[in-house]
Amino acid sequence: MPTLQGKLETADFDKIIFKNESVQLHKDIIERVQNSFDFLKEFSENKIIYGVNTGFGPMAQYKIKDDERIQLQYNLIRSHASGTGNPITAQYVRAAMLARMNTLSLGNSGVHPSVIKLMGELLNKNIIPLIYEHGGVGASGDLVQLAHLALVLIGEGEVFYKGERRNTEEVFKIENLQPIKVELREGLALMNGTSVMTGIGVVNVLYTKRIMQWMIKASSAINEIVKAYDDHLSFELNETKRHKGQRQIAEMMRSHLKDSNLTRKREHHLYNGSKNEEVFVEKVQEYYSLRCVPQILGPVLDTLNSVEKILIEEVNSANDNPIVDVEKRNVYHGGNFHGDYVSLEMDKLKIVVAKMTMLAERQLNYLLNSKLNDILPPFVNLGKLGLNFGMQGVQFTATSTTAESQMLSNPMYVHSIPNNNDNQDIVSMGTNAALITKKVIENAFEVVAIELITIVQAIEYLKVQDSVSSETKKMYNEIRGIVPVFKEDVAMYPYVNSVKEFLMDSIK
């Protein structure tokens with residue numbers, strides 16, 4: 001059971017969000033948060049502290065009477081719970097809650113400990129606040145989306161509970177949960193921060209790691225199918241490039257192919273002095289989508305690792321305003337809630353995932369185009385040519401989905417629009433960036449699912465099940481367990497969706 005101590009890693013999100021492990025609060029966390037709350041309450045008695053005894057945003061110039069301070073916090077939560085569009089999927093909401101818990105646990109926000117205790121209970125009981133996709137500009141953090149979380153914590157709004165959308169009040173009664181009572185600045189502290197974009201971002205990273213593994217498998221298998229020469233994956237060739245990602249991809253592909261009987265050594269064929277013809281029948285080099293995989297996926301891997309580093313730094317940061325410093329006995333006003341770090345990283349991630357999707361689509365096209373591969377029937381059609389269609393129909397889906405990802409990969413980071421009476425005059429659009437990246441990643445799983453179905457059909461046609469590497473054979477068996485051999489035309493969408501779901505869920 002992961003223990004929240006103020007420092008989370010990607011593996012903790014994996015355990016809690018995907019493996020449904022419970023989270024518990026370390027006793028030091030409760031003490032730290034209580035100390036922060038007590039200090040801010042005392043410190044703010046005779047001072048002007050933003051969001052404690054002032055209005056918010058451009059209304060900060062208005063002093064709030066002592067007897068209206070608590071009402072101010074409730075007003076903020078209710079007025080900003082204004083999201084629209086589709087509800088954010090459960091695991092992304094849970095990741096956002098975990099990220100918010102962690103940043104509040106640092107003791108820089110002055111919240112009452114009841115806030116993080118209740119969020120922990122919601123996570124452990126799998127009660128999912130209703131949070132909408134639309135609403136956040138990512139400047140004072142995810143104000144609108146986090147307002148929906150805060151609304152649930154005060155016992156209002158809606159949640160998803162045991163597969164149903166229900167009123168929070170009803171579910172709290174069933175589970176014997178008590179809403180928080182605003183004591184000081186819990187409304188602003190809950191809403192001011194980057195936790196929704198960051199939580200979504202961490203889940204995006206976890207899914208990208210999975211689709212990367214499947215792309216390495218698919219790329220290795222297609223090299224086997226066409227009996228490619230293996231020197232483009234060699235240690236010696238890739239070591240001449242200084243990029244860590246390229247070297248790692250090549251190494252992973254070599255490991256995948258180590259016991260293959262299909263890939264060829266150049267010295268056995270082209271370096272043996274026996275080729276005297278003027279025009280070579282066999283390819284001297286493969287197409288780039290087969291030969292340049294380390295050079296294409298290398299930057300994807302390097303970028304993924306960089307994105308993960310920045311996101312985990314954000315998860316473990318205080319992204320509130322103002323910042324409470326108990327040790328220095330001071331409160332600092334600033335802009336730690338701004339989401340530019342996350343927004344930029346999400347744009348980077350969606351660009352490389354879109355490129356990875358393009359690679360999958362080109363590899364798929366190579367298999368489907370008999371004039372390119374010269375070893376397979378058109379569209380890897382195992383039935384009667386002309387009468388049956390094989391993978392012809394499903395290629396349209398892969399092509400259109402890839403095109404969508406190419407369009408979506410345009411950056412969100414540079415699309416700032418001033419709002420909030422121009423108080424927020426440059427914003428991050430970080431949550432939009434994270435959600436668009438989520439879509440691009442989902443698209444990648446669809447295209448790779450189609451590619452893998454095609455790969456196993458090609459293996460079937462070539463009858464090389466016993467010649468491929470053990471890793472490819474394992475992948476072949478996994479996909480064959482979902483998609484049967486088909487010669488007659490069948491409706492493909494259930495199979496594509498089932499393989500996509502398998503790919504998203506299988507590698508942990």
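Predicted model: local features only at pLDDT ≥ 70, side-chain atom pairs only at ≥ 80, totals over all residues.

Colleague: How many salt bridges does the count come to?

Modeller: Side chains of opposite charge can pair when their charged atoms come close. Here a salt bridge is a side-chain nitrogen of Lys or Arg within 4 Å of a carboxyl oxygen of Asp or Glu. By this rule the count is 24 salt bridges.

Colleague: Which helix holds both glutamate 313 and lysine 309?

Modeller: These two side chains form a salt bridge, with N to O at 2.8 Å. They are 4 residues apart, about one turn of the helix. Helices are DSSP runs (H or I, at least four residues), numbered from the N terminus. The helix that holds both, residues 293-315, is α14.

Colleague: Is aspartate 466 buried or exposed?

Modeller: Aspartate 466 pairs with lysine 473 in a salt bridge of 3.7 Å, N to O. Buried means under 20% relative accessible area, exposed over 50%, and partly exposed in between (1.4 Å probe, protein chains only). Lysine 473, at 26%, is partly exposed. Because its relative accessibility is 68%, aspartate 466 counts as exposed.

Colleague: What is the relative accessible area of lysine 474?

Modeller: Lysine 474 forms a salt bridge with glutamate 478, the closest N and O atoms being 2.8 Å apart. Both lie in helix α19 (residues 470-480). Glutamate 478 is partly exposed at 24%. Lysine 474 is also partly exposed, and its relative accessible area is 45%.

Colleague: Which residue is linked with Asp14 and Lys19 in a network of salt bridges?

Modeller: The network joins Asp14 and Lys19 to one further partner.

Colleague: Which helix gives the most to the lining of the largest pocket?

Modeller: A pocket is an open set of points on a 1 Å grid over the protein atoms alone, where a 1.4 Å probe fits, with protein on both sides within 12 Å along at least five of seven lines; lining residues have an atom within 4 Å of a point. The largest pocket is lined by 18 residues, and among those nearest its centre are Asn373 and Asp374. With 3 residues, the helix giving the most is α16 (residues 370-373).

Notes:
Residues numbered from 1 in each chain as written. Heavy atoms only, no water. Helix = DSSP H or I, 4+ residues; strand = E, 2+ residues; numbered from the N terminus.
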